Amino acid sequence: MPSESRTKPRKCPLCGKPRDEAYKPFCSRGCRDRDLNRWFDEDYRVPAEQAPDGTMETDRYD
Ligand SMILES: [Zn+2]
């Protein structure tokens, strides 16, 4: 069965230009950096996921 998704041109999600393989899924380093900065701005203070206290031993063979 043929895959139609192969024929669809992939575009830069930021500006819509054809993306560059080197910077996929973006078209250029500029767009990639823009997206990267956006992530840093919005999610910079992501709370570090802490392991539940004292429950490391889940496998117990009694
Ligand atoms: Zn772009």
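At 14% relative accessibility, Asp-35 counts as buried (buried is under 20% relative accessible area, exposed over 50%, partly exposed in between; 1.4 Å probe, protein chains only). Asp-35 lies in helix 1; helices (H or I, at least four residues) and strands (E, at least two) are DSSP runs, numbered from the N terminus. Asp-35 touches Leu-14 and Phe-26, with residues up to four places away in sequence left out. Contact here means heavy atoms within 4.5 Å.

The model is predicted: local features need pLDDT of at least 70, side-chain atom pairs count only at pLDDT 80 or more, and totals for chains, interfaces and linings use all residues. Residues are numbered from 1 along each chain as its sequence is written, and side-chain values use heavy atoms, with hydrogens and water left out.

The UniProt record, an unreviewed entry, places the feature "binding site" at Cys-12, Cys-15, Cys-27 and Cys-31. These residues span 20 residues in sequence, yet no two of their C-alpha atoms are more than 8.1 Å apart, so they gather at one spot. UniProt positions are given in the numbering used here, feature names are shortened, and annotations may be inferred rather than shown by experiment.

Burial was computed for individual cysteines. Cys-12 is buried, at a relative accessible area of 3%. Cys-31 is buried too, at 6%. Cys-27 is likewise buried, with a value of 15%. Cys-27 lies in the segment before helix 1. Leaving out residues up to four places away in sequence, Cys-27 touches Cys-12, Cys-15, Lys-17, Pro-18, Arg-19 and Asp-20. Cys-31 is found in helix 1. The structure holds zero disulfides, a disulfide being a pair of cysteine sulfur atoms within 2.5 Å.

A cis peptide bond joins Lys-24 and Pro-25, with omega at about 5°. Most peptide bonds are trans. Pro-25 lies in the segment before helix 1, and Lys-24 is also found in that segment. Lys-24 is partly exposed, with a relative accessible area of 46%. The side chains of Lys-24 and Glu-21 are joined by a polar contact of 3.5 Å. A polar contact is a pair of N or O atoms within 3.5 Å; within protein, one must be able to donate a hydrogen and the other to accept it, and residues adjacent in sequence count only if both atoms are side-chain atoms. Lys-24 and Arg-10 are 14 residues apart along the chain, and their C-alpha atoms are separated by 9.1 Å.
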